[in-house]
Amino acid sequence: MRHYTVDDGLPSSHVYYVHIDKEGFAWICTDQGLARFNGYTFEVLTVEDGLPSNDIWGVVEDNEGRLWLETFDKVAYYQDGQIYRLPDLPEFVETSTIIHSIDSFGNHLLRASNLSYKVTWKGEEIQYEKLDSMYALLTGSYIAAQDQIKEYGLNVDFSKVDTTRRYFYTQGNLVNVDLDVIDMMRNKSPRTTTTEPLIMTQFSLEDKLYIIARDSVFAYHKDLKFGISVHDILPEANKIVVAERLGNSMMYVKTDKGTRFLNAELELLSNYNFLGNLELNELNEDRHGNLWIGTPYGLYFISANATKAKFIASSDIYANTYMSLAVDTNGKYWLGNDQGHLYQWTGQELFEYNVPTLLGSKITDIYISNDQLMVGGNFLYSFDKDYLNTLPTQQLGDHQPEVSVFLSRTRSIVRKRAPISVVKSIWTRDDKTYFISTGTGVYIIEPDGSADILQGVRSYSAIRDTTEDILYLGMKLGLRELRDSQIFQISHIDTLLDRPVNYLQLDNKNRLWVGTDGFGLYCYDKNVSTPISEFDYISIKTIFLGADNDLWIGTNQGIYHLILTQDDLSEYEIETFTTTHGLISNEINDIVVRSDTLYAATQNGLSIVDLKEVDRMVEPPTLRLTNIDINGEPVELNSTYDLTYSDNNLSIAYVCLSFKSNGHIDYFYKMEGAEETWYSTKSLRRDYLNLRPGTYTFYLKARDIDGFETELKAPLKFVIHPPWWDTTWFKILVVLAIIAAILGYLSWRINRVRREAERENKINKKFAELELKALQAQMNPHFVFNALHAIQDYVFQKDARTANRYIVKFSRLMRLFLESSKEKYIILSDEISMLNLYVEMEQLRFEGLFDFELNLASDIEANNIEIPSMLLQPFLENAINHGLVHKKGEEKGKLTVDVFTIEDRQMLKCVIADNGIGRQRAAQIREKSFKSYKSRGMQIVEERQKILNYIEGSEIEIQIIDLKNMDGEAIGTRVEICIPL
């Protein structure tokens, strides 16, 4: 139940009447103005807005959506945000009350004092047709003349009408009522009463006509008449004040002592008795079954489900904050409140047990096992339930105990120096050993009455996993384990190490459910902690395990029913229960679910909800646009807007009319053309500023508290045209011509530059390739010269055998060289073969001068890698002919080649090292030697490196390092060559 007053925006707390219009808005009639309610705010209209009077008793809606106002001697209606005043009728006096009604034929009838009018429209003109003859009362709202009866097509022979009887129209027939039974009186307005015996109220319910007298309600069905007296409705009542239909199958009857509800058979409906003490002015039911109650003390709203629920509370409204709840084997429910009162609910009556030592403290937990009732507060008690049931009001104990823990009514079995702080939770492993979580420690009470305490361990909840023999503790600093009397952190669940844990529950699959204080719900299973995202930042106060392994989770925002459809938590369903669904409060302290009935201990009492009766509205709520502003000015609501470039500031207001949701509605929007994805909000307005010219489509959806979604029937379309600074066609053509000329010139210029660049690039590339071939040609004679020189030496030495071997190797090398010289690149394996042949030839020429070693990394696939041809050979040649040949001393010359990859740079690296005389000494020797020959090998390599890098975009790196000993003397040369793979 929700209660609205002036503090919530009503113009007055004295509410006469509530009307739900065709759009779904609620109109609240008060003595200080008219208010329209959208579920969030009240929009108030007063005389300042055009009302003929602030005292509005009711509204009647016609087929055109006009709301006719019931007030004093003024005829006015509301439509499309405006109040329209009609000309005054001269017959009306200042004290006349204006009553409007729409009959079943769609006619608009108006009555003031003893005068009745039929209101008709001719174009924009409104006409009043006065009704003079009074023969029949149609729909309980107006007196119709004989000629109007004929117009309606009713087959009535007025010559046979007995004027001593009264006729009522219902279900297409006239029903007569004996005036000796019921005496006619004028209708009351505004909702006032008289002392006359008959209230002029009649209505149809199902197929019956009901006439309301001062002391009875009469029902007419064909030839059958039956009724119920006011004393049968409410024994202490003296008279009926008003009675009206409510929906299609029930009515409410207001007496001078309270209100009761009846069905079509005039049987009392007890579910609504909780409304009996309200002083009702008016009670209406909307199309979803929600109740709207106007009282002198404000507006009350009751959701359809709340009318089906029960509320149990004590007579002391300040004692209805129930903190704990449990059910025993006899089906009786035990309740504890925040003042130390212990109650038993039998299903019919609420008994209170007076325990003096508990008074003033919160009963935070009740646990029932075997024949014991454990009650935890500032003290822990254990009661024998059978004994307790024999003393429903007797005091249990008449002294303040000196100890903390009791296991009987009269004696202490645990004596500790420090008393128990507040008991947080009670749990037993086997109905023998109890674990008590308190603010000062965890007590473990053994079957023999002995107890141990873990001092300094502030615990909110404790539960034992019997399969693992682990006691889990919910603490302020998170989830902990108690093993061998020691507390351990659970290292693999970081998410629960520092979050305060309020409640622990084990399900039938031995999964631990952890409810935190403000950080949501977690499932701890097989050393894995899984958060349930729908509970993020919600404070969990209690968890009840259902019969089907489902969970009922009590929070400060209502109850969540978690239905697990998959064991791995990949799929689950969540139902929400709030005051909308029958709870008396959304602040839940404890839960019990039994036999399709939900029991919830709340801040305002015990709620009992029959789960089979909970009606989750299948019909989606209504989503309405309420206002559209363009550049800050409101415009008429349309589906399409054609705008200029300057009309580019839009503000769209909307509302989802789901009163039961109480503002808990999520909106989803997307402005296609400006936004690519859907966004969510709870705001009732969306602003778009400085939109660029283009076409935009606004989509809007809403989801209510039950998860039902609705959307706008048609999206909004906005077309913002681009600006036309020059309005003449000539200027437009001039601009287009200039643009075309510029674009044409730029296109011609770009194409010309591109062609020139391509031609120049082609020439340069061709020139570079020719230069490379020339360089390769230069390298070939150089190598051949050196080889022939070696053969010449063997011939001069008359060593024909060695010369022959040298010639064979030279021929093989020349064949490989000629094949490779055709290409810029050579396979690494072929290059290695050529290097081996070359070095072997040089070793033959300089027999015994040096050793050679070539190392190829194991991860290199030599047959799949290409490198520039003849790139490595010149460095080996230099090492042999200039470094190793001139080496003197005992140390033998050595030449090594290492080939490996650099993974982080995707490079092939070749390292050529010798222990020769070094580059500086070799240069000195060359200066003193044969002057007519100038080596071109290294120069050719450098030029090839530059050209290859230019043509192929490669990054070949060559670095030559002089090796020296500690004294700075040359000990060889190292060449590092990096080739991109």
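Is Asn510 buried, partly exposed or exposed? Select Asn510: this residue is partly exposed, with a relative accessible area of 30%. On this scale, buried means under 20% relative accessible area, exposed means over 50%, and partly exposed lies in between (1.4 Å probe, protein chains only).

**Before going on**

The model is predicted, so local features need pLDDT of at least 70 and side-chain atom pairs count only at pLDDT 80 or more, while totals for chains, interfaces and linings use all residues. Residues are numbered from 1 along each chain as its sequence is written, and side-chain values use heavy atoms, with hydrogens and water left out.

**The whole chain**

Show the whole chain and colour by pLDDT, the predictor's confidence in each residue, from 0 to 100. The mean is 78, and 78% of the residues reach 70 or more. Now select residues 179-200, where pLDDT stays under 50. The model has 60 contacts for this stretch beyond four places in sequence, a contact being heavy atoms within 4.5 Å. Residues 390-419 also have pLDDT below 50, and there the model has 63 contacts beyond near neighbours in sequence.

Switch to a cartoon view. The chain has nine helices and 73 strands. Helices (H or I, at least four residues) and strands (E, at least two) are DSSP runs, numbered from the N terminus. Of the 981 residues, 50% count as buried. Among contacts with a separation of 6 or more, 50% are between residues 24 or more positions apart.

**Two loops with positive phi**

Go back to Asn510, in the loop between strand S46 (501-506) and strand S47 (512-516). Asn510 is not a glycine, yet its phi is positive, about 65°. Most residues other than glycine have a negative phi. Next select Asp596, in the loop between strand S54 (588-594) and strand S55 (597-602). Phi of Asp596 is near 60°, again a positive value in a residue other than glycine. Asp596 counts as partly exposed, at 43% relative accessibility.

**Two buried loop residues**

Select Ser539, in the loop between strand S49 (528-532) and strand S50 (540-545). Ser539 has a relative accessible area of 13%, so this residue is buried. Which side chain makes a polar contact with the side chain of Ser539? Asp517 does, at 3.0 Å. A polar contact is a pair of N or O atoms within 3.5 Å; within protein, one must be able to donate a hydrogen and the other to accept it, and residues adjacent in sequence count only if both atoms are side-chain atoms. Leaving out residues up to four places away in sequence, Ser539 touches several others, including Asn502, Thr516, Gly554 and Asn556.

Asn648 is in the loop between strand S59 (640-643) and strand S60 (650-657). Asn648 is buried too, with a relative accessible area of 14%. Beyond residues up to four places away in sequence, Asn648 touches Asn631, Tyr688, Leu689, Asn690, Leu691 and Ile720.

**The largest nonpolar core**

Select Leu828, Ile867, Leu876, Leu895, Ile912 and Ile977. These have the most contacts inside the largest nonpolar core, which has 46 residues. A nonpolar core is a set of buried Ala, Val, Leu, Ile, Met, Phe, Trp, Tyr and Cys residues joined through side-chain atoms within 4.5 Å. Among the elements giving two or more residues to this core are helix H6 (828-845), helix H7 (873-884) and strand S71 (907-914). H6 gives the largest share, nine residues. Apart from this core lies another, of 41 residues, among them Cys29, Ile56, Tyr654 and Leu716.

From first C-alpha to last, H6 reaches 26 Å, close to the 26 Å expected at 1.5 Å a residue. The expected span is 1.5 Å times one less than the number of residues.

Move to H7. Here 11 of the 12 residues are buried, so H7 is largely enclosed by the rest of the structure. H7 reaches 15 Å from its first C-alpha to its last, close to the 16 Å expected. Which residues does Leu876 contact, leaving aside its neighbours within four places in sequence? They are Leu835, Tyr838, Val839, Phe852, Leu895, Val897 and Ile912.

**Last stops**

Select Arg815 in helix H5. Arg815 is partly exposed, with a relative accessible area of 45%. Finish at Lys824, in the loop between H5 and strand S67 (825-827). Lys824 counts as partly exposed, at 28% relative accessibility.
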